[in-house]
Amino acid sequence: MMSKGKRDIIVLTVLMMLAIASAGCSRPDAGSAHCEGTPHIYPDYTDIEIPANIAPMNFRIEEPAQRYLTTITAGDKSIGIHGKTVRIPARKWRELLHEADSLTFSISIYHNGEWHSFTPFTMLVTDSVDGYVSYRLIPPSFQQYEEISLAQRNLSNFREKTFYSNTLVQRPPKGLGQCVNCHSFQNYKTDNMQFHTRQYKGGTVLVTDGKPRITDIRPENGISAGVYPAWHPTLPLIAYSTNNTQQSFHTASPNHIEVFDVESNLILYDVESGGITTIQDEPGQMECFPTWSPDGTRLYYVSAHIGDEIMEGGDIAALYNTIRYDLYSKTFNPVTREWGPAQLLYQASADSASVTLPRVSPDGRYLMMARGSYGVFQIWHNDADLWMLSLNDSTMRPLSELSSNYSESYHSWSHDSRWILFSSRREDGAFTRMYLSHLQPDGTFSKPFTIPQRNPLSNTLRLCSYNVPELTTEPVRISARRFARIVKKRK
Amino acid sequence: MVHASQRDSLWFLIPAAVLWAGLAVFSNGLISHLESRDLFLFTADFLVQKLSLPGGLLAYIASFLTQFLHLPCLGALLLALTYTAASCYNSKIYGIPATHRALQLIPMALLTAALVHLGYMAFKLKYTGIAFVPALGVIGATLATDFTRRLNGNARRHLWLTLWTLAAYPLLGFFALVGTLSSGVYLTVNGNRRTRTGTISLMVTAVAAAPLVWYLILGTFRPLNGWLAMFPEFPKGSGITYYIPYVLLALWYVIAPVIAHLLKKGNNKERTPITLAAIALFLFFFWCKDQCLNAELRMERAFEQARWNKITRIYHNTSRWRWIEPTRLMVMYKDLALIRQGLEGEQAFTLRDGSRQQKSAVRIPLTIQAGRQFYLHYGLPNYCYRWCFETHAETGWSYSSLKYAARASLLSGNLDTARKFLSILSNTLFYRKWADTQLSLTENPELIAQSNEYKDILPLLCQDNWLDNDLSMLEEFLSDYFINRTPEDASPEYWRVALFLAAKKGNPDLFIEFYQQYLSTNHPEHIPTHYQEAIILFAGMSHNTNINRFPFDDDVRASYAAYRKYLERNRDMREPDDEFRKYFGRTYYYYWQTLQYKE
């Protein structure tokens, strides 16, 4: 039996604790101290433009404090969120997005016995972005690989769905693995799409009118099977590069690895007939990364001249940093399927540079590409940045607003040309993450931001790279199981 | 007077103590290695990632426990206690009679055998927590039977069996199915004939259907592998013996109710000594007796602790036995340890050389075994970084990979990348402190040069960039790198290592060239004995009349004279024999002569 005295002490203690707790839970008022500048938050979402359909922009406040309060205001509506990690409830987030064109984030921290408020920052709510992004999730390795999957993220929420994984097929025989790569869609839709499986059960998984099959796209006496794909925007045609790719390792460069082609050319695959024709195979040139103009009447690609030294038997591995790719295009007649001559659009090599991954905006105004000092696999080059060619006036400019000290490489325009999604290693130099940026009327881009995650620290803790991010307006409807069944049937 | 319950406790206590001692003494290298190849993070994402595959909870708890193997003695204790708990719970639930006490130890013996038999497969394991997964799995399976036992009425029991299978499968994988089978067999054996058919049908259906149901829900695993989720997967070609303890363990849990039932009914003749002897024999057969592997694993641990002295001691203690020829990895550990102690020119060739093949059905390249360690310590952080990633792609991230990736990034000046790995290690229990120290180096990179961890590596750091590929041949690549790619402004430490590797190559011209560089950069007060032996040997071969100019020690002059005399007396010696070894086994002459014979 507890004595009365003891009970009183317990009651008093509880009351005191409640009083202390309620004092601690006090809110910042108008008299709270002001901190200079905007708060440090991770990811950096301060003063950015966001799509009207984006998932809650969760973040973490990187300021030392005992308590945190974030108030998000949109028009007359506002919500308050306590805690260092700001996880915004999805329903309330959607309401805020619908309420106004701008969200204001006011962050207050309770530190050393008083509340401090930072200068608020804003997020401008602009055009919606395509609803889905597909990517290859890959533990970044050099030669070995084990688990690779193709996944799709719904940008309006945090749902990530795997639509193919090599772990779903039988265990490969000893010494073999199964690589998965190069997912590609026709005109932002998923009814016509493709990806490759390599080595074990290797082939190209083709989806035409929603029906999947696996096939071998390999020209007779060709360099390789079709590698980097580009679906024609309207016709059942896919342009591919075929490549003989090798890799070697830097002993001291921060780039770590060098991936380079020793030969490559371009082919055209007819999805209906299975016919393969050559697009471009010029002696002394290596063509790669084809991409179509939005109307399908022109094919852009990059091509490198193989120097005399290499042609005369020089070691390409020793001369890797002399190989530079220029931007070319060829006209295409969709009716007769005839090609025009190759036309040099931008001679990067003249500026001691090399361009890869050309992509034309769907409105036909711009062509974006990755540019570095040499080579074609810019993902491994820290100096790679995005550049943009205006197709109206042929002016070329570096997209310094999107650049960082690390590699910026793969990029995908939204179907309405309002957004660009690109991959960058800016966060840590090792793992590729996806960033979105809004195209301004003057052809510049807004401050890029990383795709929001349910847990804002996921980007730090997830030890996979997001490879080849591709926007689509609809989800991939075929399940991973069905794709796996198709691949398993491959002899 | 000892009561029955006290006797029961003692019965498990003694084997537990023996197991603890056995693991702590004979398998501490393995325990430490398993920990270094594992990873547990105190984050919600880590839990979610584990739970995305069948058996995820088991993997999560096993990884949590594996982190305590960081302290091998504590780890061995934890393993012994877990295995004992599995055995104890098993005998209690299935009711193995006291007259057959030894049978009560079977789960413990099988779990131990599964662990200590791993051998070189410890480098190739594709999933984490292997030391704890089977033990926790069978405890889970026993739990199913325990609950089944406590329920009244067949309808309730059948409902429980169905629910257990469906709900426990995503958490325990294969072991949930073992639990279902075990409970089903228990009900069949102890139930009446009327309900047997129903129980068996339900059990088989549940086991067959649960993985398929979850495959349809999760779709994250191969359907055929569904029944074996969390059952270890060894590389192809590794043979079936690795699977035997696991198969027997699962089988034991399925048939234990039958055995217990038969023993209760039959004559209770005491057979404990025979069974105990059989268990001991079984364990002896499965316990990995590869002294070289044990030495490699212990050297690996000492290497991580920078206990160079201990590495040479382990090497010496292992290689002194005639019948134990060291492996190349052991030799490499020993050489680097001597270099770190500055004793390579004095002791490297007094210790026996060797190149014994791995006793493994699947060859594990040295780059996978220890590539990252050696590349980092020989000043090639890029290659260390590469092998961290290659190993990770094959077997997943581990404390060790993260640590080396962070170190390599620090040394290469990639501070953002180093921060990435260190911030992950900050979420661990035993590496948090280390990660915090290293994080402070990323803020003050000028302190890296003063850090004990890096100060010996920095003088060797590769500064010149070119493209190369080691083709997974660690030793050859490092040797060629130091000998053929000497930078113009190489440090005295670099020349020390290069001279040592040139001595190992046994090329007289190369050695003499490097020796001159070594002298002019290091200005040694006393020339290490092995280098004196090499110079006197090579000078003698070229009939160099100026030998007397060199400041040879009297001992070296005497041993060389004896060596020449021995060779003249034994002109027909085809290969270095025992007698030659007896007299010259601790000299460079013996090493060189052996090298000539091999070539």
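# Briefing: a predicted two-chain model

Residues are numbered from 1 along each chain as its sequence is written, chains are lettered from A and ligands numbered from 1 in the order in which they are written, and side-chain values use heavy atoms, without hydrogens and water.

- L251(B) sits in helix α11 (residues 244-265) of chain B. Helices (H or I, at least four residues) and strands (E, at least two) are DSSP runs, numbered from the N terminus.
- L251(B) is partly exposed, at 45% relative accessibility. Buried means under 20% relative accessible area, exposed over 50%, and partly exposed in between (1.4 Å probe, protein chains only).

**A sheet in chain A**

- Strands of a sheet pair through backbone hydrogen bonds, either parallel or antiparallel.
- Four strands of chain A form an open sheet, in the order β26-β27-β28-β29, with antiparallel pairing. Two strands pair if DSSP finds at least two bridges between them.
- β26 (354-360) and β29 (396-398) of chain A stand at the edges; each has a single partner strand, so one side of each lacks a neighbour in the sheet.
- Six bridges join β27 (residues 366-372) to β28 (residues 385-390) in chain A. Y366(A) has S390(A), in β28(A), as its bridge partner.

**Aromatic pairs**

- The whole structure holds 90 aromatic pairs over all chains. Rings of Phe, Tyr and Trp (its six-membered ring) pair if their centres lie within 6.5 Å; planes under 30 degrees apart count as stacked, over 60 as edge-to-face and the rest as tilted.
- Y228(A) and F289(A) make a tilted pair, with ring centres 4.4 Å apart and planes at 40°. Y228(A) and F289(A) are 61 residues apart. Both are buried.
- F349(B) and Y588(B) make an edge-to-face pair, 5.0 Å centre to centre with 75° between the planes. F349(B) lies in a loop and Y588(B) in helix α28 (residues 588-598) of chain B, so the pair ties together parts 239 residues apart in sequence. Both are buried.

**Salt bridges**

- There are 33 salt bridges over all chains. Each is a side-chain nitrogen of Lys or Arg within 4 Å of a carboxyl oxygen of Asp or Glu.
- R60(A) pairs with E62(A), the closest N and O atoms being 3.3 Å apart. R60(A) is partly exposed at 22% relative accessibility, and E62(A) is partly exposed at 35%.
- K420(B) forms a salt bridge with D428(A), with the closest N and O atoms 3.4 Å apart. K420(B) belongs to chain B and D428(A) to chain A, so the pair joins two chains. K420(B) is buried at 4% relative accessible area, and D428(A) is buried at 1%.
- D416(B) bridges to R419(B), with the closest N and O atoms 2.7 Å apart. D416(B) and R419(B) are three residues apart in helix α20 of chain B, so about one helical turn separates them.

Terms used. Predicted model: local features only at pLDDT ≥ 70, side-chain atom pairs only at ≥ 80, totals over all residues.
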